[in-house]
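This report describes one protein model, starting with its sheet and moving on to single residues. Please keep the sequence and the 3D view open while reading.

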Amino acid sequence: MPETRQAAASQSAELRTDMRETMRSELNDFFRSSEFKEILSKAVSTFVEESVQQATKPLLEKIEALEAELTNVRVQANENEQYSRKYNLRIVGLNENDGENCVGEVIKLCKEKFNVNVDERDIDRAHRLGPKALSGRSRTVIVKFKSYGAKAEICRQRKLLKGTQYYINEDLTKFNMPVIRKVLLNQLGLQMERF
């Protein structure tokens, strides 16, 4: 009987060795197969994609929050800039001369065209905007009044300039200018449609 046990043990050992070799061969074939490469590729892709999403999600959320904050800051900055222009008007059409006194020209325009008495005490500053044009075209004059009342009186009277070379406009920020222009064009379009 001991021989039978020995033979059985030997046979069992051979069977295990054969099974190991078969499994090793099968696994090697599987690892070399396109099916395994495809499974591995999908698993790696999924892992990488999920890892990237986990890593970038907080960053994307932070970017969105910063963009919202930036928008709020820009809006507030625009509101502050527009408020700082509260007392300003832009005058287009004043003839430009060398060595001119813009304050004096504005006072003269107000008296002659609006019959509004404005003097130097009502005006904080007045000057031309931008570099001198080579074409000889007059640059816009920006006027900062010391009080809102003086500015408002001129704004009420600016309808008297219709048909002249002069235009008086609010001093709007770069952001507000296209917005107001669009609103005005829409209003003009509605008024034209009525006729």
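## Pairing in the sheet

In strand β3, isoleucine 142 is the bridge partner of arginine 90. Helices (H or I, at least four residues) and strands (E, at least two) are DSSP runs, numbered from the N terminus. Two strands pair if DSSP finds at least two bridges between them. The model is predicted, so local features need pLDDT of at least 70 and side-chain atom pairs count only at pLDDT 80 or more, while totals for chains, interfaces and linings use all residues. Residues are numbered from 1 along each chain as its sequence is written, and side-chain values use heavy atoms, with hydrogens and water left out.

Strands β1 (residues 88-92) and β3 (residues 141-145) are antiparallel and share 4 bridges. Lysine 144 of β3 stands opposite asparagine 88. β1 is also joined to β4 by 4 bridges, again in the antiparallel sense. There, isoleucine 91 faces isoleucine 168 in β4.

## The whole sheet

The open sheet has 4 strands in the order β2-β3-β1-β4, with antiparallel pairing. β2 (123-128) and β4 (167-170) are at the edges and have a single partner strand each, so one side of each lacks a neighbour in the sheet. From one strand to the next, the twist averages 20°.

Helix α4 (residues 148-157) lies across β1, β3 and β4 and runs at about 40° to β1. Axes are lines fitted to C-alpha atoms, for helices over the stretch in contact (heavy atoms within 4.5 Å). Angles run from 0 to 180 degrees between N-to-C directions.

## Two loop residues

Threonine 173 is in the loop between β4 and α5 (176-194). Is threonine 173 buried or exposed? Its relative accessible area is 0%, so threonine 173 is buried. Buried means under 20% relative accessible area, exposed over 50%, and partly exposed in between (1.4 Å probe, protein chains only). Leaving out residues up to four places away in sequence, threonine 173 touches Asn78, Glu81, Gln82 and Arg85.

Asparagine 115 sits in the loop between α3 (102-114) and β2. With a relative accessible area of 69%, asparagine 115 is exposed. Its phi is near 60°, a positive value in a residue other than glycine. Most residues other than glycine have a negative phi.

## An exposed phenylalanine

Phenylalanine 47 belongs to helix α2 (residues 34-84). Phenylalanine 47 counts as exposed because its relative accessibility is 57%.
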